[in-house]
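Please keep the sequence and the model at hand while reading the points below.

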Amino acid sequence: MSRAVLRSEWTKLWSVRSTWWCTVVYVLVAGASGWLAAAGTDSAARADVAVQTALSGFGVGQLVLLVLGVLVMTGEFASGMALVSLTAVPRRSRLLVAKTVVVLVYSLVVTALLAVSCWLAARTLTAVPGGISPGNPAVLRTLGLQVAAAGLVGVLGVALGAVLRSTAGAVGVGAVLVFVAPPALALVGSVLASRVSQSLPALRVGEDAFLAVATPWPMGMGIVAAWAVGVWLLGAVLLERRDV
């Protein structure tokens, strides 16, 4: 994958208004919610619990990354620009990799900045015995997991866009997978429904699944990663075999 392809995809990302709107919404939902959550939490027993509370806005905010990832992939097919892109980059897998890298970097950087903002909110507004040190391993793990989970959601959006090529269809399927089905199945309460809920790529807030059946964080992150990689590979195969 050449630098020229990456630069081209990066330019495309920032030249459309949807990226700016997604960024604004993401900042408002995840960032502002973090300060509100911290302001509403007078005290917490541990630093990582306080930070986790401040990160609660990411439970909904990550949907923005899913939408952005889908738009990066489906926007060109909807506008007819895909033919131009595939003519300039005949190796379709290379184009998909470039789009994925751009969305992944965007998701990681913006989420990292918002996560730091939420940490500052918790440190400023929530009383914790011993304070909330930036070097606290539990705090760093919580923040790092949030950033990693958001990056995987962005990749899943690109992958769904490559598979379905429909903005509405990909966003709908993605929303069901990460936001609707996991908590809905958790509410059913049966053993089977709980297992299925745990197997879906639920949105995560730090170490915890958002409104879904709880899983240890290594398992939860592994499930999200498996879905993102699996759907991405399917998208890569279909992109190579389909006509434009």
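A residue is called buried under 20% relative accessible area, exposed over 50% and partly exposed in between (1.4 Å probe, protein chains only). By that scale Trp119 is buried, because its relative accessibility is 11%. The model is predicted, so local features need pLDDT of at least 70 and side-chain atom pairs count only at pLDDT 80 or more, while totals for chains, interfaces and linings use all residues. Residues are numbered from 1 along each chain as its sequence is written, and side-chain values use heavy atoms, with hydrogens and water left out.

**Surroundings of Trp119**

- Trp119 belongs to helix α6, residues 92-125; helices (H or I, at least four residues) and strands (E, at least two) are DSSP runs numbered from the N terminus.
- Leaving aside residues up to four places away in sequence, Trp119 touches Val51, Ile132, Ser133, Pro134, Val139 and Leu143, where contact means heavy atoms within 4.5 Å.
- Between the C-alpha atoms of Trp119 and Ala88, which are 31 residues apart along the chain, the separation is 43 Å.

**Salt bridges**

- The structure contains six salt bridges, each defined as a side-chain nitrogen of Lys or Arg within 4 Å of a carboxyl oxygen of Asp or Glu.
- Lys12 pairs with Glu76 in a salt bridge whose closest N and O atoms are 3.1 Å apart. Lys12 is in helix α1 (residues 3-15) and Glu76 in helix α4, so the pair ties together parts that are 64 residues apart in sequence.
- Glu76 is buried at a relative accessible area of 9%, whereas Lys12 is partly exposed at 26%.
- Glu9, Lys12, Glu76 and Lys99 are joined in a network of salt bridges.
- Glu207 and Arg141 meet through their side chains in a salt bridge of 2.9 Å, N to O. Glu207 sits in the loop between β1 and β2 (208-209) and Arg141 in helix α7, so this pair ties together parts that are 66 residues apart in sequence.

**Arg204**

- Arg204 lies in strand β1, residues 204-205.
- Arg204 is buried yet has no salt bridge, and the nearest side chain of opposite charge, Asp208, is 5.3 Å away; here Lys and Arg count as positive and Asp and Glu as negative, with His and the chain ends not counted.

**Packing of α4 and α7**

- Helix α4 (residues 58-79) packs against helix α7 (residues 137-164) at an angle of about 35°, the axes being 7 Å apart. Axes are lines fitted to C-alpha atoms, for helices over the stretch in contact, and angles run from 0 to 180 degrees between N-to-C directions.
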